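I opened the model to look up how its chains are built and where they meet. My notes follow in the order in which I checked things.

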Amino acid sequence: MAYKDFREFLDRLRQEGQLLTLTDKVNLEPDVAAATRAVNNLGGSTPALLFNNIHGCTNAQIAMNVIGSWPNHALMMKMPANTPLKDQFFEFARRYAQFPVPVQREETAPFHEVEITSDINLFDILPLFRLNQGDGGFYLDKACVITRDLEDPENFGKQNVGIYRMQVKGKDRLGIQPVPQHDIAIHLRQAEERGINLPVVIALGNEPVITTAAATPLLYDQSEYEMAGALQGEPYRVVKAKTADLDIPWGAEVVLEGELLTGVREFEGPFGEFTGHYSGGRSMPVIQINRVYHRKNPIFEHLYIGMPWTETDYMIGINTSVPLYQQLKDSFPNEIVAVNAMYTHGLVAIISTRRRYGGFAKAVGMRALTTPHGLGYCKLIIVVDEDVDPFNLPQVMWALSTKMHPKHDALIIPDLSVLPLDPGSEPAGITHKMILDATTPLAPETRGHYSQPLDSPLDVEKWQAIIQDMLLKK
Amino acid sequence: MHTCPRCESKTASVVAVSPVKGVWEVYLCPVCIFTWRSTEPETITNPEKYNPAFKVNPEEIPFAAHVPPIARRLH
């Protein structure tokens with residue numbers, strides 16, 4: 001059974017020892033962000049954090065780092081908390097291939113409990129706070145933002161559910177960053193070409209599967225809701241917005257309905273980004289909020305973002321790798337073994353592949369650059385043999401150390417597109433890209449001395465089992 | 001009216017007060033849209049101690065690049 005809402009997932013984390021409740025009084029700044037950064041510093045198995053005693057607040061609760069570790073990611077998928085990363089990748093890929101699963105429609109939702117249509121003040125409704133010291137204000141950075149294609153409004157798949165950074169710029173006003181490579185930028189362009197505002201719904205505090213689907217680089221006409229259904233193995237529940245033809249996650253804690261204002265740009269940021277650098281000081285679109293719904297005593301889910309690794313990197317690790325894997329397999333079904341695009345949202349990606357002939361691995365790297373996600377990311381592609389595990393970085397380093405010849409295997413392709421947030425891009429949005437072929441040369445490439453790869457002594461697996469058993473009994 | 005620690009405009013106003021009376025206030029500057037809470041450290045709240053690398057010159061705000069550019073109206 002799927003998690004019906006955010007609270008049910010928090011309960012599951014609590015049962016598994018993956019939710020730490022902080023009952024001592026904390027300040028909104030710097031404590032909440034500092035504690036979350038601290039938990040990110042403690043490794044890949046850390047818990048989510050729930051703050052329920054916030055200085056100056058009465059009933060506020062803030063949940064942080066909810067998908068911010070591999071055990072929490074496994075629990076999101078309803079797998080055992082200790083499932084190895086590579087197994088999570090292949091299970092995610094198996095479910096991804098079940099797409100699409102039609103949605104289940106509901107008439108009412110828990111967030112209808114409280115409705116606010118006048119005197120909206122987001123600063124009162126949510127316990128907003130600063131994440132990083134250079135941030136220009138208080139942000140929402142883990143909400144599902146829902147918009148529809150204006151040229152094909154009946155197309156359910158072209159409705160977009162995405163996660164974008166939004167600065168709270170007034171009591172009922174948000175700034176939003178629609179990166180050109182992301183689908184919402186298409187909807188905004190359509191609205192501005194017509195001179196009309198774009199209806200938008202923002203859902204905060206969702207169960208983690210829709211958040212994961214919303215953060216997955218799907219194709220433009222693939223529905224995040226139908227992908228969420230595939231990932232959770234049953235139809236995803238949605239409810240219609242009251243003022244627009246937009247579908248909302250049924251289990252949301254807080255829902256904001258409003259409009260992206262046509263032709264408006266306003267000073268935004270800076271904001272500490274997933275690249276480990278601030279970006280901002282540019283003029284970006286604005287959302288006017290007209291209506292708010294929320295559950296009684298809503299839990300505010302927020303996400304600390306900063307120098308990797310943070311929750312962002314767990315949240316967009318496997319779900320960035322799998323679409324690349326599937327799209328590469330569409331081109332090379334018998335060769336592609338696995339893809340690890342977990343580094344800074346896939347600015348670096350590692351591909352494990354079989355090869356048919358010399359030069360093949362470089363073609364695989366070129367294909368990765370031309371996938372939809374590759375157009376905005378994939379600045380460095382490392383291609384390794386099928387027996388190198390791309391999730392095992394020491395193995396990848398071994399392949400680079402021994403298989404790559406800089407004269408033959410380092411390709412630089414000039415002036416390709418990349419997301420403008422890449423701090424090295426010049427101008428912003430343009431960069432050279434690189435493919436490092438760390439596969440073994442294959443005929444007609446006959447260079448190097450690779451005919452005597454080292455094998456292990458006999459019976460290593462038997463001894464591994466014996467020693468592991470001895471260590472467990474120690 | 002309050003002075004913005006970031007752009008030093010004098011027109012910031014209170015947008016929220018703590019639910020528990022008297023603990024904190026939140027201010028918003030209408031010029032550079034900077035937002036801060038009264039209980040944050042001086043490196044955030046005090047114009048003289050705000051990180052110079054993140055200061056904003058109000059005169060430069062109108063020249064900030066549009067991201068994304070405003071689409072030309074077709075209909």
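**Sheet in chain A**

I began with an open sheet of five strands in chain A, which has mixed pairing and the order β21-β22-β23-β25-β24. I take helices (H or I, at least four residues) and strands (E, at least two) as DSSP runs, numbered from the N terminus. Two strands pair if DSSP finds at least two bridges between them. At the edges I found β21 (336-343) and β24 (410-417) of chain A, each with a single partner strand, so one side of each has no neighbour in the sheet. From one strand to the next the twist averages 20°.

I noted the basis of the model at this point: it is predicted, local features need pLDDT of at least 70, side-chain atom pairs count only at pLDDT 80 or more, and totals for chains, interfaces and linings use all residues. Residues are numbered from 1 along each chain as its sequence is written, and chains are lettered from A and ligands numbered from 1 in the order in which they are written.

Back in the sheet, I looked at strands β22 (residues 348-353) and β23 (residues 380-384) of chain A, which run parallel and are joined by five bridges. A:Ile350 has A:Ile382 in β23(A) opposite. Helix α11 (residues 360-369) of chain A lies across β22, β23, β24 and β25 (430-438) of chain A, and runs at about 150° to β25(A). Such axes are lines fitted to C-alpha atoms, for helices over the stretch in contact, with angles from 0 to 180 degrees between N-to-C directions.

**Domains of chain A**

I read off two domains in chain A, domain 1 (81-296) and domain 2 (317-438); the bounds come from an automatic or database domain assignment. Their centres, taken over C-alpha atoms, are 29 Å apart. In domain 1 of chain A, 20 residues are in contact with 22 residues of domain 2 of chain A, where contact means C-beta atoms, placed from the backbone, within 7 Å. Which helix gives the most to the domain 1 side? Helix α4 (residues 85-96) of chain A does, with seven residues. By class I list that side as 11 nonpolar, seven polar and two charged. Ala, Val, Leu, Ile, Met, Phe, Trp, Tyr, Cys and Pro count as nonpolar, Asp, Glu, Lys and Arg as charged, and the others, Gly among them, as polar.

**Contact of chains A and B**

I find 36 residues from chain A and 31 residues from chain B in the contact. On the chain A side, α6(A) gives the most, with five residues. That side of chain A has 11 nonpolar, 14 polar and 11 charged residues.

I list 15 helices and 25 strands in chain A. Its radius of gyration is 23 Å, close to the 23 Å of the globule rule for 474 residues, so chain A is as compact as a globular protein of that length. The radius is taken over C-alpha atoms, and the rule is 2.2 Å times the number of residues to the power 0.38. Of the 474 residues of chain A, 51% count as buried. Buried means 20 or more other C-beta atoms within 10 Å of the residue's own, exposed 12 or fewer, and partly exposed in between, with C-beta atoms placed from the backbone.

For chain B I read the pattern β-β-β-α along the sequence. Chain B has a radius of gyration of 16 Å, whereas a compact globule of 75 residues would have one near 11 Å. Buried residues make up 32% of chain B.

Methods: Contact = placed C-beta atoms within 7 Å.
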